[in-house]
Amino acid sequence: GPRGSYGQNAYFCTMPGVRSQEPADRVVRSWYNEMDDPGYDFSNPNTNSEGTGHFTQVVWKGITHVGMAVSQDGRFVIANYWPAGNVCGIANYLANVLPPNGSPMPPRVEKPVEAPAPEEEEGPLESVTVTEERMTPEMEALFEGCPYDHFKTRVTEAFSKEPTQGGAFSSGAMKVSVTLESRGSKRRIKIITRQGKTMTVVHGSWGG
């Protein structure tokens, strides 16, 4: 497959039963629905993607390749996007996250299922971002409770990369930003790794 920086969306389902076997289209729909909840402002794009990073990755115009896989127990769904979307800069978002053409994703027709237990009140959105050139206790704390073990491993491996010097492919020190958003029992994590001109963005959500 193609090489280079790629973006990633991740989905984790904690509830047993029907929701533990989420089909790919339903997972993508949940990411896409971030356009309405919490809502994306097409006229004033937020490059920090507060709660809409999965949506912008899904619809990013410049993406040409998508790979998607579901874990054997049906609880994890991972989608990789190449080249990476969510490239920082308002101009990039204006060019790649376009308003819907008036034909939103059609509603999904499903068989009735037993209603889940009432959810707790969501409460206010809390967000914490840590940016470092090495793993620190503050950054490590953001991974507590994250079901995606490979996210932390990915960051640790990124910090271990040595910068190259000279030539067209020279790069500086690795810089990683980790953002954890919390609302009630719901969590979203966003990881941005940068080294020279190379950037990779991954997202994951769980809880609720």
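**Close-up 1. Polar contact between the side chains of glutamine 8 and histidine 150 in the predicted model.** The side chain of glutamine 8 comes to 3.2 Å from that of histidine 150, and the two make a polar contact. Glutamine 8 has its place in strand β1 and, with a relative accessible area of 4%, is buried. When its neighbours within four places in sequence are left aside, the residues in contact with glutamine 8 include Gln57, Ile78, Asn80, Tyr81, Phe151, Arg154, Val202 and His203, as well as His150 itself.

**Close-up 2. The tilted aromatic pair of phenylalanine 12 and phenylalanine 76.** The structure holds 10 aromatic pairs. In the pair shown here, the ring centres of phenylalanine 12 and phenylalanine 76 are 4.8 Å apart and the ring planes stand at 45°, so the pair is classed as tilted. This pair links distant parts of the chain, since phenylalanine 12 belongs to strand β1 (residues 7-12) and phenylalanine 76 to strand β3 (residues 76-82), 64 residues apart. Phenylalanine 12 counts as buried at 18% relative accessibility, whereas phenylalanine 76, with a relative accessible area of 24%, is partly exposed; the cut-off for buried is under 20%. Ring pairs also join Phe12 and Phe76 with Tyr148, Phe151 and Trp206 in a cluster.

**Close-up 3. The edge-to-face pair of phenylalanine 42 and phenylalanine 55.** The rings of phenylalanine 42 and phenylalanine 55 lie 6.2 Å apart, centre to centre, with 90° between their planes, and form an edge-to-face pair. Phenylalanine 42 is located in the loop between α1 (24-32) and α2 (53-59), while phenylalanine 55 is part of helix α2, so the pair ties together parts that are 13 residues apart in sequence. Phenylalanine 55 is buried, its relative accessible area being 1%.

Close-up 4. Most peptide bonds are trans.

**Close-up 5. Positive phi at asparagine 86.** Most residues other than glycine have a negative phi, yet the phi of asparagine 86 is near 55°, a positive value. Asparagine 86 sits in the loop between β3 and α3 and is buried, with a relative accessible area of 1%.

Terms used
Residues are numbered from 1 along each chain as its sequence is written. This is a predicted model: local features need pLDDT of at least 70, side-chain atom pairs count only at pLDDT 80 or more; totals for chains, interfaces and linings use all residues. Side-chain values use heavy atoms; hydrogens and water are left out. Rings of Phe, Tyr and Trp (its six-membered ring) pair if their centres lie within 6.5 Å; planes under 30 degrees apart count as stacked, over 60 as edge-to-face and the rest as tilted. Helices (H or I, at least four residues) and strands (E, at least two) are DSSP runs, numbered from the N terminus. Buried means under 20% relative accessible area, exposed over 50%, partly exposed in between (1.4 Å probe, protein chains only). A polar contact is a pair of N or O atoms within 3.5 Å; within protein, one must be able to donate a hydrogen and the other to accept it, and residues adjacent in sequence count only if both atoms are side-chain atoms. Contact means heavy atoms within 4.5 Å.
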